[in-house]
Each structure stands twice: as C-alpha cells, then as structure tokens.
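Colleague: Could you walk me through reading a structure, feature by feature? I would like the general idea each time, and then the case at hand.

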Amino acid sequence: MTTPSLDSGIDAYLRERLMPVEGAIPHLPGIEMYGDTIPAGTVGGDLFEYINFQQRYDIDTRIEQALKLSKEFLIPHPPGMPDHNSVDDHVEWLKSRLDYRSEMEVAYREARGLERLRVAEDLKDLYSTAGVLLVDAQGHGVISAKIASTVHDTFHAFMLSELDHYGKTTPDLFDKLNLRLAHSVTARNALGRSLQEGAREIATMLYGEVRPSGHFRFVNFGHPPPLLFSAEARKFIEVDKGRMVRFLPLGLEVPEDDPDRKRYFSMHFRKRPAGYSDIADTLIEPGDLLFLYTDGVYDGSDEEQRHDLEELMRNHCLLSAKDICNAVLERAVKIDDHLRDTGEQDLIDDKTVFIIKRSETISTDFVAREPG
C-alpha cells in the first residue's frame with residue numbers, strides 16, 4: 001500500500017481551496033459569467049473566484065443591523081448599564097475631557113447614526129453587484145499556490161471588515177492587501193537575511209465588480225489589462241487607458257504616507273494610497289464580452305496572439321460564456337502541447353480565463369432601478 005506524500009496532500013488541499021465551483025456563479029439580469037483555470041502542474045499559482053455577494057453574505061441581516069444601530073446610536077445609554085456600544089464608549093471619553101460640551105455628544109451621535117444609514121443604503125447595492133477576483137502568483141507549484149491562497153484569505157478577511165464599516169468595497173481594502181504582501185524589514189533583520197536571499201511573494205491581482213447596466217469597475221495590480229470584444233465591430237476595442245491605473249504587483253510598492261512605510265521594503269514609494277480615481281470603469285455594451293486572463297494565456301502585448309484571440313472571439317462570440325472560456329483554454333492547451341513537442345516545456349505556465357458576457361436584450365426596468 002502506498003502512503004500519500006505530505007506534498008501531495010498539500011497539493012490537493014490547495015487545489016480544492018483555490019478552485020471555485022459553478023454553484024457560486026452570480027446571476028445578474030443580462031450578465032453571464034464563467035471562468036476556469038488549468039495549472040501547469042498538479043497545483044498552480046493562478047486563482048480566480050466569483051464574489052457572489054448574495055450567496056456569500058446575509059445582506060438582509062446586515063441591513064437590519066445597520067438600521068438598528070442608526071437608531072441606537074442616537075439614544076444615550078444609562079450610566080453604569082452593560083452593553084455599551086461604540087458610540088457610548090466614545091461619548092464617555094468625550095465627557096472625561098475638560099472641553100466637553102453637551103452639543104458635542106448630540107453631533108457625534110447624529111453623525112454616527114447617519115453613517116449607519118449610509119451603510120444600509122450601500123449594502124442594498126450588493127443585490128445588483130457581482131465581483132470577480134483574479135490572482136497570478138509568480139511561478140507555479142505549491143509555493144505559488146500558497147501565495148495565491150494568502151491573497152485569497154486576506155482579501156476575504158478584509159472584505160468582511162469593508163462590509164461592516166462601509167457596506168461596500170473601498171480602495172482601502174487593496175492598499176491593506178498590498179501591504180500584507182510587502183516584505184517586513186523587521187522580520188528580515190530578525191532572521192538575519194538580506195532581501196536577495198529569499199524569494200519575494202509577488203502576485204498580480206485584478207478585482208472587478210459588474211452590474212446589470214454593463215458597468216465593470218476594477219483595480220489592477222500588475223495584471224494584464226482586460227480586453228473588451230465588441231459584437232458590433234467584431235474586434236477588440238480599447239478599454240479607456242486614461243482611467244486604467246495599473247499599480248505594480250502586490251507587495252512591491254508602499255504608499256509614501258503609510259505610517260508603517262519604513263517597516264517594509266518598497267521598490268519606491270507610491271505618491272499616495274489607492275483612491276476612487278484609481279478605479280477604472282468600462283462599459284460592456286449589449287452583446288459584448290469582457291475577456292480577463294492571466295499571462296499563461298496571453299501576456300497582453302503579443303500582437304500575433306492578440307490577433308488569434310480576436311479571431312477566436314469572432315467565431316465564438318454567439319456562444320455562452322462557458323463555451324467561449326473553454327474554447328480559449330483549448331487553444332492555450334494546444335500551444336502547451338507544441339511547447340512540449342519542441343522541448344520548451346519550461347515556458348508552460350498556469351492558465352486562467354474569465355469571460356463576462358452581456359446579453360443582447362436586457363431588463364430596462366432593472367437597469368432603471370439600479371443604483372448609480
């Protein structure tokens with residue numbers, strides 16, 4: 001009897017964790033999406049995930065809690081009674097100050113109450129929002145899969161905090177995630193290692209959110225840019241590069257005003273943290289499709305490959321998102337077979353494809369009601 005090795009157990013664990021299932025695919029009116037990934041080995045550093053807000057989070061309960069707090073925050077808590085909320089605690093601190101005035105408590109309670117009302121309103125937008133996360137860790141194999149898993153777990157931990165505090169995804173999530181992958185100066189010094197002695201945890205990431213109106217808003221950390229295929233023009237059209245900020249891969253660049261910037265290695269300091277102006281916004285017109293990918297499929301620069309992919313899209317654009325995704329991956333696998341035949345298997349990389357397709361016909365009633 002052969003006993004499975006520890007490595008094979010890790011491989012299986014990471015492969016299962018990093019592979020989403022079709023049951024998690026979000027369903028939005030007029031929007032169809034599908035993704036798949038093929039690792040170069042038993043497990044790889046590519047990751048994609050559907051962010052199905054309605055399935056993953058209890059939006060109704062979160063809205064109820066936000067509305068409840070919006071009222072509770074306005075009511076002074078009896079002194080000495082248990083179950084103080086965060087507003088009560090802050091008011092007690094205010095009252096301990098020599099400059100305390102009663103109107104300070106009233107103003108603070110009103111501000112925090114309104115803050116919860118806004119959270120409740122923003123949470124409602126999640127009913128008409130679906131997210132997609134693509135990660136490509138450098139290299140392939142168990143180490144790369146572990147890096148991708150770190151990004152995955154950190155992303156979801158921060159997402160919980162985002163929904164609790166804001167009711168939506170904000171740019172702050174991505175700066176925190178970026179810092180999580182940066183190298184700690186303190187840890188390096190304690191281990192007595194130089195930066196060159198150890199491999200950096202480098203990963204590219206693209207996260208985007210789509211709505212039934214066809215608007216796709218995304219942030220990009222070193223990832224190949226999306227390609228938008230126009231059904232009318234029957235070719236790829238440029239995503240607005242003027243609004244498409246592309247940061248360095250995760251962990252390589254720390255904002256210069258981050259309070260912990262001196263505690264991390266950074267290639268250079270970014271002028272400022274990520275902001276709403278760094279979120280790109282592209283419109284998927286009816287019949288069009290958005291093509292997301294990792295560099296194992298296309299590196300975003302080879303014109304011949306782009307032409308071949310464009311031809312593939314022309315021949316398959318009327319099919320489902322799943323069939324289009326499978327056709328692109330089949331093409332990539334054939335290229336891998338050619339690389340093996342020519343002895344260039346070292347060039348084979350993990351491959352991920354994600355297709356977002358907008359239907360020709362859409363529900364105008366739903367789009368009219370959709371928050372802007």
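What follows is a short tour of the fold, the cores, the aromatic rings, the salt bridges and the surface.

Colleague: What kind of model is this, and how are its residues numbered?

Modeller: This is a predicted model, where local features need pLDDT of at least 70, side-chain atom pairs count only at pLDDT 80 or more, and totals for chains, interfaces and linings use all residues. Residues are numbered from 1 along each chain as its sequence is written, and side-chain values use heavy atoms, with hydrogens and water left out.

Colleague: How many helices and strands are there in the protein chain?

Modeller: Helices (H or I, at least four residues) and strands (E, at least two) are DSSP runs, numbered from the N terminus. The protein chain has 11 helices and 13 strands. Of the contacts (heavy atoms within 4.5 Å) between residues at least 6 apart in sequence, 75% join residues at least 24 apart.

Colleague: Which residues have the most contacts inside the largest nonpolar core?

Modeller: Start with burial: buried means under 20% relative accessible area, exposed over 50%, and partly exposed in between (1.4 Å probe, protein chains only). A nonpolar core is then a set of buried Ala, Val, Leu, Ile, Met, Phe, Trp, Tyr and Cys residues joined through side-chain atoms within 4.5 Å. Here, buried residues make up 46% of the 372 in the protein chain. The largest core has 43 residues, and Phe-216, Phe-291 and Ile-356 have the most contacts inside it. Helix H10 (residues 321–341) gives this core its largest share, 6 residues. Apart from it lies another core of 33 residues, including Ile-59, Ile-147, Val-151 and Tyr-207.

Colleague: How is a pair of aromatic rings described?

Modeller: By the distance of the centres and the angle of the planes. Rings of Phe, Tyr and Trp (its six-membered ring) pair if their centres lie within 6.5 Å; planes under 30 degrees apart count as stacked, over 60 as edge-to-face and the rest as tilted. The whole structure holds 12 aromatic pairs. Take Phe-236 and Phe-291: their ring centres are 6.5 Å apart and their planes at 15 degrees, so the pair is stacked. Phe-236 sits in strand E7 (residues 235–237) and Phe-291 in strand E12 (residues 289–293), 55 residues apart, so this pair links distant parts of the chain. Phe-236 is buried at 5% relative accessibility, and Phe-291 is buried at 0%.

Colleague: Which residue forms a salt bridge with Arg-118?

Modeller: Side chains of opposite charge can pair when their charged atoms come close. The cut-off for a salt bridge is a side-chain nitrogen of Lys or Arg within 4 Å of a carboxyl oxygen of Asp or Glu. Arg-118 pairs with Asp-122, the closest N and O atoms being 3.6 Å apart. Arg-118 and Asp-122 are 4 residues apart in helix H5 (residues 102–124), so about one helical turn separates them. Arg-118 is exposed at 53% relative accessible area, whereas Asp-122 is buried at 14%. Elsewhere, salt bridges that share partners join Asp-88, Lys-95, Glu-105 and Arg-109 into one network.

Colleague: Is Asp-346 buried or exposed?

Modeller: Asp-346 counts as exposed, at 75% relative accessibility. Asp-346 is found in the loop between H10 and strand E13 (351–358). The C-alpha atoms of Asp-346 and Ala-40 are 9.8 Å apart, although 306 residues separate them along the chain.
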